[in-house]
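Notes follow in the order I took them.

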Amino acid sequence: PIPCVPWQSQTSGQYQRRVHGVAKTHVIAQNAAKRVEVLYELDPDDPPILSIEDAIEKRSFHPEGPGSGRNYPSVVSYGDIDEGFKRADVVVSGKLASPTQEHFYLETQTATATPEDGRLLVECTSQGPNLFQEKLCSVLDMESNKLAR
């Protein structure tokens, strides 16, 4: 076993454990890294926070987030949602959860669809509008020329 030295992050103030090694070649270093086995000792009085629900329950938020005194909105709203629900022909509700991701996507993953002249006008935030159109047409069983984006 190699003892790990606590390392304090300059940005978050959180402590992390890191292992550093020295090797004669890059290949030797890579092979050694593949042999590293990390074992965690969990403190039963301070269990890890592994979900958003755990973070909310324990009020564990990023220090730059809402309530930090930073000047940015924590709530963005547009229109009257209650009126929108009253006027809607169909309202779908439920819970949506996405799995853990490798990184945070900088798009909101939302869209608005409006029927217009026998077509569907879709306004969406997407880095891949062609893929979005293809998948949406597949789900709706509709020709792509009937979907405007």
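Is Glu53 buried, partly exposed or exposed? I looked it up: Glu53 is partly exposed, at a relative accessible area of 43%. Before going on, a reminder to myself that this is a predicted model.

**Entry: the salt bridge**

I searched the whole structure for salt bridges and got one. The partners are Glu53 and Lys95, and their closest N and O atoms sit 3.8 Å apart. That counts because the cut-off for such a pair is within 4 Å. I then checked where the two ends are: Glu53 belongs to helix α2, residues 52-57, while Lys95 is in the loop between α3 (81-87) and β3 (111-116). The two are 42 residues apart, so I noted the pair as a link between distant parts of the chain. As for cover, Lys95 counts as exposed with 72% relative accessibility, and Glu53 is partly exposed at 43%.

**Entry: overall layout**

Next I went through the secondary structure. I count four helices and five strands in the chain. Reading from the N terminus, I get the order β-β-α-α-α-β-β-α-β.

**Entry: burial and contacts**

How much of the chain counts as buried? I find 7% of the 149 residues. I also looked at contacts with a separation of 6 or more, and 16% of those come from residues 24 or more positions apart.

**Entry: a nonpolar patch**

I went looking for greasy spots on the outside and noted a nonpolar surface patch made of Val36, Val38, Tyr40 and Leu42. Together they have about 480 Å² of accessible area. Tyr40 is exposed, with a relative accessible area of 69%.

**Entry: cysteines**

Last, I ran a disulfide search over the whole structure, and it came back with zero. Cys137 is buried, with a relative accessible area of 7%, whereas Cys124 is partly exposed at 26%. Cys137 gets the buried label because its 7% is under the 20% cut-off.

Methods
Residues are numbered from 1 along each chain as its sequence is written. This is a predicted model: local features need pLDDT of at least 70, side-chain atom pairs count only at pLDDT 80 or more; totals for chains, interfaces and linings use all residues. Side-chain values use heavy atoms; hydrogens and water are left out. Buried means under 20% relative accessible area, exposed over 50%, partly exposed in between (1.4 Å probe, protein chains only). Contact means heavy atoms within 4.5 Å. A salt bridge is a side-chain nitrogen of Lys or Arg within 4 Å of a carboxyl oxygen of Asp or Glu. Patches are made of residues with over 30% relative accessible area and no salt bridge: like charges are joined within 9 Å, nonpolar side chains (Val, Leu, Ile, Met, Phe, Trp, Tyr) within 5 Å. Accessible areas come from the Shrake-Rupley method with a 1.4 Å probe; for residues, only the protein chains shown count as cover. A disulfide is a pair of cysteine sulfur atoms within 2.5 Å.
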